[in-house]
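Q: I am new to this structure and would like to go through it step by step. Could we begin with the terms and then turn to the details?

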Amino acid sequence: MGNDGDDRPLVLVLAGAGYGQQAPLLWWSQAIASAAGCEVVAPAWTIDDGAGVDPVAFVEAAIGVALGDRLPDLVIAKSFGCFALPWAIRNDVPGVWLTPVLTHDDVARALAAATDAHDAIGGGDDTMWRPERVSGTAARLLTVDRADHSLQVAGDWRRSQRLQADVFDVVERRVAALAAHQTGG
């Protein structure tokens with residue numbers, strides 16, 4: 001996995017449909033990975049009708065364009081980007097899955113099959129966060145109380161900011177584990 005000829009860990013950051021790379025959860029996740037010395041690949045995409053019909057195929061094709069034949073050491077994905085979960089499970093790529101669309105069968109099946117190399121985080125008030133659909137998974141599941149699909153608490157920006165800081169702790173832990181693995185720690 002990782003980079004050919006480059007010993008830095010490779011982190012793939014995948015946006016949501018309406019939640020781009022500049023939005024807080026992904027912006028800070030990229031900053032955490034970059035500060036740890038990782039190469040970060042964050043493809044941009046435009047969600048079209050075809051993506052809506054087969055989001056798994058759309059995301060997998062975008063990953064292929066962004067990475068070629070390389071595999072990342074970690075995926076950090078938000079919502080629509082979590083349609084990469086089946087690909088990640090098939091390729092044994094760990095991930096931090098932010099608000100995965102657990103109402104979609106392919107995503108739910110993949111997360112149900114995930115190992116403890118995966119974290120999935122959703123909001124308690126997010127109708128797409130359905131952790132009961134992945135019972136038995138070895139992935140670490142975290143429900144953010146009263147948070148919506150953006151992992152924000154309506155009307156309370158301070159609480160939202162504190163809760164998102166907890167999410168970044170999860171990202172930082174996963175990225176630090178990559179760095180430790182690269183140095184043999």
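This is a predicted model: local features need pLDDT of at least 70, side-chain atom pairs count only at pLDDT 80 or more; totals for chains, interfaces and linings use all residues.

Q: Understood. What covers the buried residues of helix 3?
A: The cover includes strand 1 (10–14), strand 2 (39–41), helix 2 (49–53), helix 4 and helix 5.

Q: And which residues of helix 3 are buried?
A: They are Pro55, Val56, Phe58, Val59, Ala62, Ile63 and Leu67. Viewed down the axis of helix 3, these buried residues fall within an arc of 165°, so they line one face of the helix.

Q: What span should helix 3 have, at 1.5 Å a residue?
A: The 13 residues of helix 3 should span 18 Å, and the C-alpha atoms at its ends are 18 Å apart, which agrees. Just after helix 3 comes Gly68, with a positive phi of about 65°.

Q: What about helix 5: which of its residues are buried?
A: Val107, Ala108, Ala110 and Leu111 are the buried residues of helix 5. Down the axis of helix 5 they fall within an arc of 165°, so they line one face of the helix. They pack against helix 4, strand 5 and strand 6.

Q: Let us change topic to the strands. How many residues of strand 3 are buried?
A: In strand 3 (residues 74–78), 5 of the 5 residues are buried, so the strand is largely enclosed by the rest of the structure. Both of its faces are covered, with Leu74, Ile76 and Lys78 buried on one side and Val75 and Ala77 buried on the other.

Q: In which sense do strand 1 and strand 3 pair?
A: Strand 1 and strand 3 pair in the parallel sense, over 4 bridges. Within this pairing, Val11 has Leu74 of strand 3 as its bridge partner. Strand 3 is also joined to strand 4 by 4 bridges, and these two strands run parallel. Ala77 stands opposite Trp97 in strand 4.

Q: Which residues touch the most other members of the largest nonpolar core?
A: Leu14, Val59 and Trp97 do, in a core of 60 residues. Helix 6 gives the most to this core, namely 7 residues. As background, nonpolar side chains in soluble globular proteins tend to be buried together.

Q: Now for charges. How many salt bridges are there in the whole structure?
A: A search of the whole structure finds 8 salt bridges. In general, side chains of opposite charge can pair when their charged atoms come close.

Q: Which residue meets Arg90 in a salt bridge?
A: The partner of Arg90 is Glu60, at 2.8 Å from N to O. This pair links distant parts of the chain, with Arg90 in helix 4 (residues 85–91) and Glu60 in helix 3 (residues 55–67), 30 residues apart. Arg90 is exposed, with a relative accessible area of 54%, whereas Glu60 is partly exposed at 22%.

Q: And with which residue does Arg133 form a salt bridge?
A: Arg133 forms one with Asp105, and their closest N and O atoms are 2.5 Å apart. Arg133 lies in the loop between strand 5 (118–123) and strand 6 (140–144), while Asp105 is in helix 5 (residues 105–112), 28 residues apart. Arg133 is partly exposed, with a relative accessible area of 33%, and Asp105 is partly exposed at 40%.

Q: Which residues are linked in a network of salt bridges?
A: Asp119, Arg173 and Arg174 are linked in such a network.

Q: One last topic: what is the phi of Asp92?
A: Phi of Asp92 is near 55°, a positive value in a residue other than glycine. Asp92 lies in the loop between helix 4 and strand 4 (95–98).

Q: Leu151 also has a positive phi, of about 55°. Is Leu151 buried or exposed?
A: Leu151 is buried, with a relative accessible area of 1%. Its place is in the loop between strand 6 and helix 6. Asp92, by contrast, is exposed, with a relative accessible area of 57%.

Note on methods. Residues are numbered from 1 along each chain as its sequence is written. Side-chain values use heavy atoms; hydrogens and water are left out. A salt bridge is a side-chain nitrogen of Lys or Arg within 4 Å of a carboxyl oxygen of Asp or Glu. Buried means under 20% relative accessible area, exposed over 50%, partly exposed in between (1.4 Å probe, protein chains only). The expected span of a helix is 1.5 Å times one less than its number of residues. The arc is that of the directions from the helix axis to the C-beta atoms. Contact means heavy atoms within 4.5 Å. A nonpolar core is a set of buried Ala, Val, Leu, Ile, Met, Phe, Trp, Tyr and Cys residues joined through side-chain atoms within 4.5 Å. Two strands pair if DSSP finds at least two bridges between them.
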